[in-house]
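Hello,

Here is the structure I promised to pass on to you. Please have it open while you read, and my notes on what turned up follow below.

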Amino acid sequence: MAGSIDKTMQVLGSTANPRSLDVLIAALDIEHTDIQKSAVDSLIKRRSSRGHLEVIRRLPRLHSTARESLESQVDRISDSLRQALLHGDAELRAHGLELVRATENFDQIPALLELLKDNRAEITDLAAETMRDLTDRLHEHSHNGKGSRQPGRYLRNAAQISHNVLTGFDRALSDYAELSHQRDVVEAVLILGEADNFAVKKALAQSGSECRRTAGDVLMTGKHPGVMQLVLDYMSKNYPPPKIFEAISGRDDPEFIAHLLQWYPKRLTPQQQRNFQQIESIAWIDEAAPSFETLSPALQPALVAFVCASGLPSEVKLRVQEWVVRHGTQEGRLAAANILGTMDEAVVQEIVTSGLDSEDEEIQAWATGQLRS
């Protein structure tokens with residue numbers, strides 16, 4: 001039965017008879033898996049915009065095998081999908097956006113950006129949601145190869161796709177005033193782009209004042225890993241934008257603090273050293289009485305290294321190190337132990353004695369080592 005259905009659909013898909021298109025479209029509504037799948041394949045093969053649009057319109061009603069076949073061939077209906085997004089009715093547009101998300105169709109991001117120029121919130125909201133979803137997945141593909149939500153789907157040319165996508169965002173920034181969801185667009189650029197990228201440079205320095213203000217606000221508040229990493233990547237560059245130093249000095253949200261310390265290199269490059277020395281204040285460090293009870297113990301060595309490399313006053317650095325020596329883990333205490341020689345001997349004895357009495361065996365071992373030395 002399946003063989004005869006396929007042959008029939010293949011004939012309908014290849015014949016020049018205009019009525020065959022109507023027959024294939026009608027077959028999409030038949031509750032039979034093989035017929036529906038064959039109709040989808042034949043309509044895609046015919047390269048008829050009308051046929052493609054009718055397949056998209058019926059997306060939620062397709063059997064799983066028919067839908068899988070459509071998704072695997074989505075590149076062949078790219079023009080029709082773009083037409084559905086930009087010129088279709090509400091149903092076509094909604095189903096088109098669903099298909100874009102399901103297939104990770106990054107080629108349609110320029111169409112989504114065009115939709116953001118529409119003055120109807122019900123359209124722009126869905127387009128922005130889809131754009132954010134694709135941005136997240138492309139970032140994950142680019143950094144750990146796990147952007148896809150479907151097993152076995154990998155993006156081999158993620159770098160080239162990111163370049164193409166950022167080219168589209170770069171053009172959109174030129175029409176910044178016409179866009180809705182402006183912050184989402186700017187944030188997508190800062191998530192996907194590297195410090196030297198043309199679109200990132202436009203958002204931060206070469207665009208209008210409103211766009212630059214939004215980009216600065218994203219750097220100060222954005223919690224996406226791509227945004228936070230961009231801030232840190234700039235510390236390897238000559239003359240980072242002032243907003244980068246402001247973000248490192250002024251951000252006190254737990255997400256950024258953890259990201260900073262998890263990233264912090266064991267050995268800084270000369271350029272990183274020069275840049276970190278310009279950080280003369282850090283919002284989340286209480287200069288009078290620093291406390292890091294909420295900080296993950298594993299991050300204490302990086303905390304000590306970061307503070308030492310910064311341009312904080314010497315007395316603040318010493319107070320941070322002293323807190324770690326008093327309250328930290330073995331690794332943290334070892335990282336900060338170089339200050340023991342600068343502290344009052346009675347204070348050092350009190351800290352070491354307290355360590356000997358600790359219930360933590362690693363801290364006891366640290367204190368024993370300090371006692372011997």
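Let me start with Leu-190, which touches Val-200, Leu-204, Ala-215, Val-218, Leu-219, Gly-226, Val-227 and Leu-230, leaving out residues up to four places away in sequence. Contact here means heavy atoms within 4.5 Å.

Before going on, a word on the source: this is a predicted model, in which local features need pLDDT of at least 70 and side-chain atom pairs count only at pLDDT 80 or more, while totals for chains, interfaces and linings use all residues. Residues are numbered from 1 along each chain as its sequence is written, and side-chain values use heavy atoms, with hydrogens and water left out.

Leu-190 also belongs to the largest nonpolar core, which has 100 residues; Leu-190, Phe-169, Leu-261, Trp-284 and Phe-306 touch the most other members. Helix α11 gives the most to this core, with seven residues. (A nonpolar core is a set of buried Ala, Val, Leu, Ile, Met, Phe, Trp, Tyr and Cys residues joined through side-chain atoms within 4.5 Å; buried means under 20% relative accessible area, exposed over 50% and partly exposed in between, with a 1.4 Å probe and protein chains only. Helices are DSSP runs of H or I, at least four residues, numbered from the N terminus.)

Next, helix α2 (residues 19-27). Its residues Ser-20, Leu-21, Leu-24, Ile-25 and Ala-27 are buried. They lie on the same side of α2, because they cover an arc of only 155° around the axis, the arc being that of the directions from the helix axis to the C-beta atoms.

Two single residues are worth a look as well:

- Ser-69 sits in helix α5 (residues 64-72) and is buried, at a relative accessible area of 9%. Apart from neighbours within four places in sequence, Ser-69 is in contact with Lys-37 and Asp-41. Asp-41 is 28 residues from Ser-69 in sequence, and their C-alpha atoms are 7.2 Å apart.
- Gln-262 is part of helix α16 (residues 254-263) and is exposed, with a relative accessible area of 60%. Its C-alpha atom is separated by 9.5 Å from that of Leu-303, 41 residues away along the chain.

I hope this gives you a handy way in. Do write back with any questions.

Best wishes

Note on methods. Helix = DSSP H or I, 4+ residues; strand = E, 2+ residues; numbered from the N terminus.
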